[in-house]
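Here's a quick briefing to read alongside the model. Have the sequence and the 3D view open as you go.

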Amino acid sequence: MKESIVSLTRKLIEFRTVEKDRINAAAEYCSEWLAANGVHARVLDNEGLKSVVSIIGKEGPTVILNGHLDVVPAGPDQFIPYVAEGKLYGRGSFDMLGSVAVMMHVMAELVQEELPCKVMLALVPDEEKGGQKGTKYLVEHGLIGDVVICGETTNLDIAVQAKGLLQLEIEIEGVSAHGSRPWLGDNAILNAVETYKKIEALPIFNVSTPYFEHPSLNLARIQAGQAINQVPDRCIMDLDIRYLPGQNPAVLLSEIKGVVNGTIRVLSEGEPVQTNPDHPLIVRLQKTAEHIRGRNIELFGQHGTADTRFYAARGIPAVEFGPCGANHHGKNEYVETESLLTFKEILTEYICGF
Ligand SMILES: [Zn+2]
C-alpha cells in the first residue's frame, strides 16, 4: 500500500503542476486513475482550470476530502522525485500531492464498502493563487458537505483556525523638489515610512487569542522615486495583513484609514477560519488520530490561509490535516513516507466510524 501511495505521489510531482496545462493534465490523470480503480469521477472546468470531484457512499453525512493539485514554482531538479531514508523529496510532496495520493487511495479502497456516510473527494487547482478558480468555484456550485479535511502540511496535528487576509495598497503623496534642496520639498518615501510606523503601532496589531500570539503586518512592496537628484512626490506601499479570527476587517480598515493621510486600495481579502474545536466531528477526528498515532494530537491555528476558508464561510467545520514533512515552498521539500500510510489509516477509520 505504501509503495502504491509513494509511486502515485511521484507521478503527480512529475506533472510539474505550476502552470495551467500541467495542472489540467494532472487532473485528467487523477480522474483516469480513479476510474481504473472503480471510482467514478467528474472533471469540472472553470475558466480553463480543471477540478476533479468524486462521491462515494449512498447516505448519511458527507465528509469532504480536499486536496490541491497545484504547487509553487521550483527548479527543474525538484520535479525529479526521489526517496531517501524514508523521505520522499520533490516539489509538492508535502504541499500537498502526498495527501492527494492518500485521498485517492482511500476512495479506491472504500468504494467497495458499505459506507455509513458519503465521501466527496475534491481535487482542485489554484489553491496557491487564492483558490478562487478551484475550491471557491466548487463551493459556489453546491459541492459542500458536513465536515471538511484539507490535506495540508500539518504534521498530523489539526489546524482548526487560520488567520484572515487583508492586502492593501497605500498611496502617499509629497512635494517634489531638486535633490540638492530637500527642505523645499516633502519626501513621499519618508511620509510613507512614518505612516507605516503609525499603522504598526495601532492597538489592532497587539491582540492575541488562545491560538495566536498576534496578527501580522508585512511591508511587502514599495514603489517610489524617479531620479537620484529629486525629492519623490509619490510613494506606493503594499501591506500584507493577516488578522485574527474574531477581528473584523472593516474595523481594521477604518482604524488604518484613521492614521493614513493618503489613498487606500484593498488588493485582496480572505476570511479567517474559526472551526469550533468542540464540534463532535472534529473531536472524533482528533480522537481517531490519537488512537492511530498513539500520541497527543494538537489543535492549532495556521498563520496562512488555505481552501478551508471557503467551506468555513458557509459554517461548515473545516480543518487542515495532513502528513509529516518539511520545507514546503522551499528547497528540499519532502514528506515522510510512513506518515502517508498513517494519514491514510486515520482517514479510513474516521470515515468508517460514522
Ligand atoms: Zn497547500
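**Briefing**

At 0% relative accessibility, L156 counts as buried, where buried means under 20% relative accessible area, exposed means over 50% and partly exposed is in between (1.4 Å probe, protein chains only). This is a predicted model, so local features need pLDDT of at least 70, side-chain atom pairs count only at pLDDT 80 or more, and totals for chains, interfaces and linings use all residues. Residues are numbered from 1 along each chain as its sequence is written, and side-chain values use heavy atoms, with hydrogens and water left out.

**The chain as a whole**

- The protein chain holds 9 helices and 17 strands; helices (H or I, at least four residues) and strands (E, at least two) are DSSP runs, numbered from the N terminus.
- Its C-alpha trace spans about 80 × 45 × 40 Å along the principal axes.
- Of the 354 residues in the protein chain, 51% count as buried.
- Take the contacts (heavy atoms within 4.5 Å) in the protein chain with a separation of 6 or more: residues 24 or more positions apart account for 80% of them.

**The zinc site**

- The protein donors of the zinc ion are H68 (NE2), D95 (OD), E152 (OE) and E152 (OE), at 1.9 to 2.7 Å from it. Donors here are N, O and S atoms within 2.8 Å of the metal (3.2 Å for Na, K and Ca), and water is not among the atoms, so sites may look incomplete.
- The 4 donor atoms subtend angles of 52 to 144 degrees around the zinc ion, which makes the arrangement irregular. For the record, four donors count as tetrahedral if all angles lie between 85 and 135 degrees; four count as square planar and six as octahedral if opposite donors are over 155 degrees apart and all others between 65 and 115; anything else is irregular.
- Along the sequence, the donor residues follow the spacing H-x26-D-x56-E. H68 in strand β3 (residues 62-68) and D95 in helix α3 are 27 residues apart, a pair that links distant parts of the chain.
- H68 counts as buried at 1% relative accessibility, and D95 counts as buried at 5%.

**Helix α3**

- With 17 of its 18 residues buried, α3 is largely enclosed by the rest of the structure.
- The end C-alpha atoms of α3 are 24 Å apart, which agrees with the 26 Å its 18 residues should span at 1.5 Å a residue; the expected span is 1.5 Å times one less than the number of residues.
- The peptide bond from D95 to M96 is cis, with omega near -15 degrees, and M96 has its place in α3.

- Helix α1 (residues 2-14) has 13 residues and reaches 18 Å from its first C-alpha to its last, close to the 18 Å expected.
- Which residues of α1 are buried? They are I5, V6, L8, T9, L12 and I13. They cover an arc of only 165 degrees around the axis, which puts them on the same side of α1; the arc is that of the directions from the helix axis to the C-beta atoms.
- Those buried residues pack against α2 (20-36), β4 (82-84), β5 (87-89), α3 (93-110) and α9 (337-352).
- R16 lies in the loop between α1 and α2, and its phi is near 50 degrees, a positive value in a residue other than glycine. At 33% relative accessibility, R16 counts as partly exposed.

**Nonpolar cores**

- A nonpolar core is a set of buried Ala, Val, Leu, Ile, Met, Phe, Trp, Tyr and Cys residues joined through side-chain atoms within 4.5 Å. In the largest one, of 59 residues, L34, L65, M104 and F321 touch the most other members. The biggest contribution to this core comes from α3, with 11 residues.
- Not counting residues up to four places away in sequence, M104 touches L8, C30, W33, L34, L121 and L123.
- Another core lies apart from it, with 22 residues, including L217, L252, L253 and I264.

**Other spots to look at**

- L156 sits in the loop between β7 (147-150) and β8 (158-162), with a positive phi near 65 degrees.
- E169, in strand β9 (residues 164-173), counts as buried at 17% relative accessibility. Beyond its neighbours within four places in sequence, E169 contacts I236, M237, D238, T263, I264, R265 and L267.
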